[in-house]
Structures are given as C-alpha cells and as structure tokens.
Amino acid sequence: MLKNVGFLNYALILMLSVSFSTNGAQNYPETIWVPVTYYDFHSDRSNPEFEARHEGGLRQGMVSEDLGPDRKPQLGSQPYLNYYIHKWFVPWKSGDFTIPDYYPRAQYKQGFYDNDTMHYYDSVLQKDTVKNVAGWEKEFSQPVKYNGKITVDYDTAFKNVVIKDSLPFRHLGNGMYEYSNDSFFPLDNRGFGNEWNHEAGKNDINLDVDHNFSFTMELNWSFVKKPGLTFDFNGDDDVFVFLNNKLQIDVGGIHKQQQKSFSVDNIAGLSNGKTYNLDVFYAERHSAESHIRITTNIIFSPSNLRLYGKRGTPDTPDNKPLGDSVFIIAGDSFAVYGNIFDSLGVWKPEFNKHITWSAPTLNGNPALLTTSGDSTVFTGSIPNTSVEVIAHFTNPETGAEAQRSITVYVRPPLPPKPFVIKFYNSDKDPATIIPITAFSALIGHTSTIYAHVFDSNGVWVPRYDSLVNWSISVNPENVEITPTVGGYTRITASTTDTRKLLAELTDPDNIYRPKSTAELPFTVEKGLDPTAFILRFYDTDGDPRNLTPVTSISASTGQSKKIYGHLFDSVGTWLSNYDERIEWSITDNGTGSTLEPAKGNHTTVTFVSRGTLTLNAEFQDPDVAARPRTKAELPVSVSDGPLPQPYKIKFYKEPGDPATLTPISSISGNAGEELTVYVHVFDSADVWRADYDKLVKWSLSADAEEVTISASEGEKVTLKSDKIITFTLNARFKDPDNARRPESGAELPVTIGAGLEDHIQIITDTATLTLDTSRLIFGSKINGIQLFGIVRDKFGNFLRYTSLSAQWVSTRSDLVSVSNFSGKTTTLLKVVTYTEDQIQIILSEGSLKSDTVKIEFNGNRSAIATPVPFKPGVDDIKQVLPPSVLDFYDNIIKNLPTTKVVLVGITTEGILIPPNPADTLKDLSKVSFGKVRIYDGVGNLVRTDLPLLRAKNSRSYAVAWDGTNSYNRIVGMGAYLVDIRGREKRKDGRFSDFSMRVKVGIKSTDR
C-alpha cells in the first residue's frame, strides 16, 4: 500500500506504523495458532473422489444447510463427486467394501497428456478409441455420472492418515487476522507422502507438482459474538463454512480460486455475548495448485474456557468437560469448575482465577455461592425450574474474551406424604384441645367447625389452615356452608338427616404432594319453633362478625354504592346460607336512583339527583313458613357529587369496530411514508361512544415542526415526515352533552425512521455525519485525511456505514492514494507535495448513487529526513524508499557517487530563488537553491559544501549527506543539525529570507 506514497509522508507513515504495531501488541498478539485436523487421502486415483476426472467449476448444494449430529457436513441436494463426503473428515475405519460408482472414471495412475488421440497410460503411449479429444479436456471437462454405490473386494478406497496441526493467523490490525498461502501443501512428505498425481507424468510439465495432494482440513473454533465480526475466504477446491451449525459459505466443486465472505451481524438468531461455533471444512482434491486465504476477526486472541464437574487436571479419564446441561434434585447443590486453555489447547491454570460467574435468571432459586474464581456453586430450591450458569473470562494480557454456559435443570423430589386434617369445635391452639370425630345439630341452627393441618410427623402447619376447602360429601341437599374456603366453616341444615362434612387441601408449594382429605359425620334433628330473624346492613364485604353494621348512609350524585345484607337468628348467630335470598327495593323521593340486583346478599344503588330515599330489604324463610317476614330500612341522603370521569381515547392502526381491534400505544414508520392513525372514544365503563369519534381534535408536539398532518379534527389523521424524528401525536375530546365532564386526552408516541437506501455520502466526521466533503484541501504538513462512507435514504437520513463491498477509487492514485480500497473508511495519503492536477475520490457500492470528493492542494512548509537514524556506509535509500519516491527525487539522486546517504527533504510555501537567479536556466541537477550547513551536537560546523537541489516540482527540495565531514571522515554517533537557508518568493510576489532546520541521527558503524 505504500508504493505510491511520497517521501515525506512515507517516512511519517513508517514511524506511525511502528508505533501502532507496538501499541497494538498490547491488545492483539501478532500470531494466533489455530488448531486444525488434516485427513490425507491417496492421490493415485485409487480414491474415486480425489484426483478424479471431472467437469471443473463452482458447485453449490453439495452439502446440507445444517451440520450433522457429529458436527460434520452432510450430503446436500446437489451432490457432485462427493457422495461419500461422510468419509472426508473422519478417521478411516476398516470394514466398508462399498465405493461410489462414477462413469467415466480414470483408472489407477491413468493420465491424459497429449493434444491428439494418443495418451500416456501408466507411462505407455496408447491410442484413445473413445473420443478424439485433447488430454486436458479428458481431465477437466469430462461430464461424470453417478451410478450409485457398488461393492468391491477392498475397503481401503477412502483410507486416510489423520494429522493434528495448527495454522498461524497473522494480525493485520484492529483485531483482523489472516492466514494466506498460495502454495498450500501442509502435508508434503507427511501422511502418504508426495504420491503420483495426474500432472506428474506430463512431458511438458512446467509446474512444481512434487507435493502431497488429495487431503482435507477441518478447523473448529468457538467464539463469543460481538458486533462487527466478519469472515472472508479465497481459495480452492471445496470449502464449506458453518457458523452456529448453519452453512454460510458454499464453495463446492473442483475449481480455480473463489472468494466468498459473510458478516456475523447479518445472521439471524444470534445474540451478542453468546458463544457460538465456527467450522471450516476444506478439501484439496486435484493437482496441481493449492490456494487458501482466510481473513477474519472471528478468530481473535483465544482465551478458551471449558467447564468441568471436578477440580484438578482437566481432560483426564475421570474429569471430562461438562455438556450443555445437567439435572439436580431440588435442595441439592451443583459445583462447576472453569479451566482456561491457550490456542493450542494447553491448560493454563494460572488464568482460572480471572473467571467470573453469573446466573441472569434464577427463577426464584438462590444466587450463586461465588461470582469470581475458578468455581462456583448453585443450589436448586425451586422444582421444575432451570437456571443458566454463565462463566466469563477476560484475558488480562490481551483483553480477549471467552464465555461458556451450562443449564441446570432442577427436578422435584419424590412425592411427599399428604397432610393430616383434624376437626375441632374451637379455634384454640390444637395442642390444648381434643379433635372431634362427629357432631350433632338442630334444624336452622348454625354449627361452626374448625380445621387444622398437620404434616406427616404430626406437627401443626398453621399457614395451611386458611387454604382448606369445605363441602358436604354425603346428603348435601338442604344444607348450606359458608365460607367454603378457610380455617373454619359454618353449617346450617333445614331438614333432618345424617350427613358428612368434607375438608380438602392442595399443597400450593409442592404440586407433587397428594391431595389431603378428611370427613366429619354429623346428624341434624328437629329443634324448637322458629323465632323472627334480624337483618342488618353493611357497606363492606366480609364476615359480619368482624364488621360494624350501618344505620344510614350518605351518597353523591353520579355515585354508585354497594350495600350488603346479612341475616342473624334471635341469639345473634349469622345465617349466611340465607343472605342470598334477601330482596331489595327503593322508596324514592324524586332522586331517580336505581338498584341492581334486586335479590341477593348485596345490591348496588346508583344515585342520579340529590335528595333523600330509603333502601328496603326483606326476607322470608323458605323452610319455615311460620317464621315472621324479616324487614329492614336504610335511610340515604344524596348530595351533589364530584365531577364525572373523563372519557378514554384509544388509538388504532385500522378502522372498524374496536371490539375486533387491538389498540396501539405507539406507532412507527419510515421517512416519506404516510402513517394513518384512527381514534375511538370510550366512557368510564369502557363502552365505545362511536358518535364522539368525529369530534376528536388533533395536534402535534412542539418538536414536530417538519411533520405534516392531514387534519385537525375527526376520527382519523394522516402523518408524514421526510426526516427521522420522534414526536407525540395528541388527541383531545370535550363532552358536548355534559359540560361538567373534564376534557379527555391521550398521547401517541410516533417514531419516523429512515427510508430505503438511496445514495452514498463521503464525510470526515462520524460525530455529526453532516460535514460537507465535496472539496478537501491538502497541505504539505497534512499527512492524511480520514474519510468515511455512509448510506442515506433519498431524504438524506443516515442509514448505515458502507459495507465491505463499497469501493474507494482515486482518479490520480499517483498523486493521492487511499489506504483502503473497500469498506466504510479510508485515509487519503498525499503522494506529492504540490500539484495543479484535478483529483477526485469516488466511493460506490452496488446500485446506490455514488459520491465524489474533489481534492485541492495548498502550500505549507515541512521537512523530514530518512532514514532516521542513519548508519553511514550501510543504509541505502534505494532499499528504504519505494520507486515512486526515488523517481520524485531523481534529480538529487542520479548524480550522487553513492546512494548510502541520508536524504533531507523540505517543502516550501513559495519558490526558492538560487543565489544567482540566472542559474535557473542551467541544468537544475547542478543548481543549489540555498546554503546548507551541518553542525554537530555542540555546535561545531561539520559540512558547508552540500547543495540544496530541486525535486520534480518547484516547491520541493532536498540535500543528500553521506555522514562524513569536510575531511571525508565518517562523523561520530549522535544528533546533527542540518541548517538550510535561502531566498523565497511567496505567492503574493514578495521575497523573504527562508530558513529551516532538520535534525539527523547518526548511528554507530560498528557491526
């Protein structure tokens, strides 16, 4: 990339590169050794799918979209010479005497090398009686048919040698690593060795074919997903790349080099911070070339983390890595241990202390025992739950991260024994009283029975008493019990009979405990003649024994009140079984009040106008006709009440009956797109008031100046904005029929996003994304300008940065070059110090409209020396500077007696005038444009005879020094000052004195 960079910029870039590499080494190792597995097959045509006659070219669909259960490729829908791919990436096993039958198929060591009809078969020239075609056509353009599998008398067709190895991935910068090899023969003189291949017998061979062909390679890598991960492959032959067990790159077939790539961010279903697998399967199936290049930041500085169930040396026979899940019984604990390995799989126990542990979703279970160190403990307390225990490791030396997780499923314990329920006629502590096994009652008399719950050891569990369910299990007719749930119940029977009371309990804390039940027999006999009942009013629901009755109430207009009635016998016993038979009515004095229901243990009265009224309640005993009718009255005073409740406003995306629609709480769309919002009005009881919809008034929040709105009133409104914006749509409604009702209002958040991709814009500032970059000016002191490419919609809204497919182009790369030719960013590198040429930087991506930047130059002064430091008699500028820079300074270099010099170059704002202006008419390679003096570190004058010569434009000059003094002796090691003085003509036409000083470091010549 530096071959076109000018001398001044080149030297600075060189120094920056060294600095960057030094700093970068703190975060990214220069090399990552990635483990791989090779499978070496025979290349002598004994294997029907390697070194085979074929029809060359890219083939897709050879493998399935999903890896198999063994994480190996499976046969796809479009196989081609790979029907036995299940043997490509596994160790050979004897016993399989079948092979795929392909026709035609070259025989053992059979070659096709001539250009006519004669062929070399086993080094014997034989005539082709099948087809008069060239030998290469037989080899590379031969249609092949698969006839199924056949049985042979040998099982070694797919015999292979398994070789474990690793590939060195070199750091390119910013976490991007690459392995590249255009002569990829890792198994030379290994495995089966450098066998016969179809090129080996050619008479006119001009390729180096003494290699071990016919092999496959498998690379498996685990990584933690983070934004910006990419993978790029270039090479041959078959390559299949899977991520998260899904096929991402499909480059099948025997072919020339192919290039494919993908971005992990574009793969659906992946989450940042989660661990995934990358699997690369490569096959070299045909001589005579082998290429591979993998460029990715998925393979980053490895900090491999594995989880185990024991502490100590990992991967021993009794300490293997854990799987993805484990099961424990509720109440048990599970200990998990983490171990760190380097990129070659070597255990690094000194790093285990840096592991941190978390369990984001405990589902009610206790937190982990520890959150850092080589282990933690999880205790499962909630049955039928699962907890994901996550181990995270950050390498303290490189910053690389690794993450592993295991899901712990908590199973319930064995079903416990049911509880024991006992009955009592008192609510005292059951330890102080004796349980009852039966009881007797009279008709119309209410009996209260209590229940207590005990565990299988006889210990009272009082918290369960309130959960007992009551019912009559035998002869339930003419018997009422209330309540039906709780620590007690009251029983009232209206006829004589023998019955049973049933108590049941379901354990709410353990669904596996059997239901607990108990029965209490009781008899009901005829009692004394009935007396009148008592009816009392209450304004609160509940057990009336714990409440205070009301004798009058006050209410407000528009208010509704619920009043409860309870019946009691003459001795004050609550007759709950009769409450539902109370009849209600109103004696109204013009208030317009209503009630509902008219029968039951309660009624709700709605008060319309102020005044007084009487609420009446009556009851007639249905079982004892002789019992007098019970009556009660409740005086009520009604006054003006509070303001009515405002109506509700709800928003919808579609028109129609809101009962069939779902209201929305926000809405979003794209720039330039119309959004339609519908509205419906509901009263305080959530009843749709359709006649009010058209009266809703619309407005926008103050920050929505760029948004257009189609109407200010009505049941719908249309919104549109060409810009990205978030604002609020306001809807207001005022009840036209009730002036006292407060205004109703609702707000709908609206988000307008960007539209479709339309064009590219080049910018220099990623903070604002708006700086105009149609024109850039370079000065000689500016070493580079970083440009960024962004994609906007047709309204100018930002969508994204340009992708890897975006192309940066300089129309004059010999004057201004770009550091990157693709991607979202590049840096402009100035090659020359001054030019009048028109230069443009063009950025394009696919069908998007491209963008162009015009480059202009102004003059500034600068100076630099190279090489620095300089070793006299050793350092040669022809070995340091690229050809383009040497050509730029050819005027200075061509007449030098030696190129082992330090070159001090300067750029001026104006043009330097020689001491004798007429000298400009002479050969410029001999005209000095200034006076040069060189001083040592203490101020001694070392040289005064060196000329300041002009380069290839009128504002660039240089002086060359071989590191000797005026006596032609090499100076000592140290710093030297080059003082340059002259006369300068500036742009405004004025002349001024010019001076510039440059330091040069001299190294010792000792070797």
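Mentor: Let us begin with a single side chain. F651, at 4% relative accessibility, counts as buried; the term buried means under 20% relative accessible area, exposed means over 50%, and partly exposed lies in between, with a 1.4 Å probe and protein chains only. The model is a predicted one, in which local features need pLDDT of at least 70 and side-chain atom pairs count only at pLDDT 80 or more, while totals for chains, interfaces and linings use all residues. Residues are numbered from 1 along each chain as its sequence is written, and side-chain values use heavy atoms, with hydrogens and water left out.

Trainee: Is W698 buried or exposed?

Mentor: W698 is buried, with a relative accessible area of 6%.

Trainee: How many aromatic pairs does the structure hold?

Mentor: Rings of Phe, Tyr and Trp (its six-membered ring) pair if their centres lie within 6.5 Å; planes under 30 degrees apart count as stacked, over 60 as edge-to-face and the rest as tilted. The structure holds 37 aromatic pairs. In one of them, F231 and F262 have ring centres 5.5 Å apart and planes at 15°, so this pair is stacked. The pair links distant parts of the chain, since F231 belongs to strand β9 (residues 230–235) and F262 to strand β12 (residues 258–263), 31 residues apart. Strands (E, at least two residues) and helices (H or I, at least four) are DSSP runs, numbered from the N terminus. Both F231 and F262 are buried.

Trainee: Why is the pair of F651 and W698 called tilted?

Mentor: The ring centres of F651 and W698 are 6.3 Å apart and the planes stand at 40°, so the pair is tilted. This pair also links distant parts of the chain: F651 is in strand β38 and W698 in strand β41 (residues 697–700), 47 residues apart. Elsewhere, Y39, F41, F50, W88, F89, F242 and F281 form one aromatic cluster.

Trainee: In what order do the strands of the sheet with β38 lie?

Mentor: Two strands pair if DSSP finds at least two bridges between them. Here an open sheet of four strands has the order β38-β40-β43-β42, with antiparallel pairing. Its edge strands, β38 (648–652) and β42 (708–709), each pair on one side only. Strand β40 (residues 675–682) and strand β43 (residues 716–720) run antiparallel and are joined by four bridges. Within β43, V717 stands opposite V677.

Trainee: How many salt bridges does the structure hold?

Mentor: Side chains of opposite charge can pair when their charged atoms come close. A salt bridge is a side-chain nitrogen of Lys or Arg within 4 Å of a carboxyl oxygen of Asp or Glu. The structure holds 36 salt bridges. Among them is the one between R627 and D621, whose closest N and O atoms are 2.5 Å apart. R627 is buried, and D621 is buried as well. Another joins D315 to R306, at 3.1 Å from N to O. D315 is partly exposed at 32% relative accessibility, and R306 is partly exposed at 28%. Salt bridges also link E178, D232 and R293 in a network.

Trainee: Which residues lie nearest the centre of the second largest pocket?

Mentor: On a 1 Å grid over the protein atoms alone, a pocket is an open set of points with protein on both sides within 12 Å along at least five of seven lines, where a 1.4 Å probe fits; lining residues have an atom within 4 Å of a point. Of the 31 residues lining the second largest pocket, R71, S222, T275, N277 and R404 lie nearest its centre. The largest share of the lining, five residues, comes from β21.
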